[in-house]
Amino acid sequence: MSKPATRTRSVVAKKAATPKKSGSTEAKAAGSPSRLIDGRIKELGDWRGETLARVRSLIKEACPDVVEEWKWRGVPVWEHAGIICTGETYKAVVKLTFAHGASLADPSGLFNSSLEGNMRRAIDIHEGDKINERALKTLVRAAVDFNQSKLKKKKA
C-alpha cells in the first residue's frame, strides 16, 4: 500500500517542478507566429478577422522585412529593430498598439486610444471604420525608423 502513495507523491512533485510554458514557448510548440496569426484571423471569422488581416497586409506593405511574433499568450506582434505594434482583438475593437507611439508624428490623427501615456499610443478600429491605409503605412514606416535610430544610439 505504501508504494502507490509514494508513486502519487512523486507524480505530484514532478508536476509541481515542471515550469509553465511562456507564450513564446507555446507558440513554438504550436507552429510559427505567422501560422498562429493566420489561425487567429480564421478563428475570429468576422469583421475583426478581416480587419486584422487587412492591417497585417498594410504593415507588410509598409515594411516588407517585418518579423511576425506571437507574444503574451496570444497577441500578434510586428517587429523590425524592435516592436512596431501589436494587434489585439476584443469584442468591439481591433487595437493596434504602437510601442513607441508617443514618439511618432501622427499628422493624420490615427491615434485615438491610450493617448495619456509616455510611450505607447493605440489605434482602435471599430466595426465599419474605414482605415486610412496611406497614413497607417506612413506610421508603420515612422515606427521602423524610430526603432532603427534607437538601435543606432545603443550601438554608439
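What percentage of the 156 residues of the chain count as buried? In this predicted model, the figure is 38%. The accessible surface of the chain comes to about 10,000 Å², and carbon and sulfur atoms account for 53% of that area. Among contacts between residues at least 6 apart in sequence, 50% join residues at least 24 apart.

**Secondary structure and sheet**

Five helices and five strands make up the secondary structure of the chain. Along the sequence, these elements follow the pattern α-α-α-α-β-β-β-β-β-α. The strands form an open sheet with the order E1-E2-E3-E4-E5 and antiparallel pairing. Its edge strands are E1 (67–71) and E5, each of which pairs on one side only. On average, neighbouring strands of this sheet are turned by 20 degrees against each other, direction ignored. In general terms, strands of a sheet pair through backbone hydrogen bonds, in either a parallel or an antiparallel manner.

| Strand pair | Sense | Bridges |
|---|---|---|
| E1 and E2 | antiparallel | five bridges |
| E2 and E3 | antiparallel | three bridges |
| E3 and E4 | antiparallel | five bridges |

Glu69 has Val77 of E2 as its bridge partner, and Val77 in turn stands opposite Thr86 in E3.

E2 and E3 form a hairpin with three residues between them, and Ala81 in the turn has a positive phi of about 60 degrees. The hairpin of E3 and E4 has four residues between the strands.

The loop between strand E4 (94–98) and strand E5 (121–125) contains Leu115. Is Leu115 buried, partly exposed or exposed? Leu115 is partly exposed, because its relative accessible area is 44%, a value between the limits of 20% and 50%. Leu115 and Ala102 are 13 residues apart in sequence, with a C-alpha to C-alpha distance of 7.8 Å.

**Helix packing**

Helix H3 (residues 33–44) and helix H4 (residues 47–62) have axes that come within 7 Å and cross at roughly 145 degrees. On the H3 side the contact is made by Ser34, Ile37, Asp38, Arg40, Ile41 and Leu44, and on the H4 side by Arg48, Gly49, Leu52, Ala53 and Arg56. These residues divide into five nonpolar, two polar and four charged. H3 also lies across E1, E2 and strand E3 (83–89), running at about 70 degrees to E1.

**Nonpolar core**

The largest nonpolar core has 31 residues, and those with the most contacts inside it are Ile84, Phe98, Ile123, Leu136 and Val140. At least two residues of this core come from each of H3, H4, E3, E4, E5 and helix H5 (133–155). In soluble globular proteins, nonpolar side chains tend to be buried together.

E3 is mostly covered, with six of its seven residues buried. With neighbours within four places in sequence left aside, the contacts of Ile84 include Trp78, Phe98, Val140, Ala143 and Val144. The contacts of Ile84 also include Glu79, Thr97 and Asn147.

Notes: Residues numbered from 1 in each chain as written. Predicted model: local features only at pLDDT ≥ 70, side-chain atom pairs only at ≥ 80, totals over all residues. Heavy atoms only, no water. Buried < 20%, exposed > 50% of the residue type's maximum accessible area, 1.4 Å probe, protein only. Contact = heavy atoms within 4.5 Å. Areas by Shrake-Rupley, 256 points an atom, 1.4 Å probe, with all protein chains shown as cover. Axes fitted to C-alpha atoms, helices over the stretch in contact; angles between N-to-C directions. Nonpolar A, V, L, I, M, F, W, Y, C, P; charged D, E, K, R; others polar. Pairing = 2+ DSSP bridges. Core = buried A, V, L, I, M, F, W, Y, C linked by side-chain atoms within 4.5 Å.
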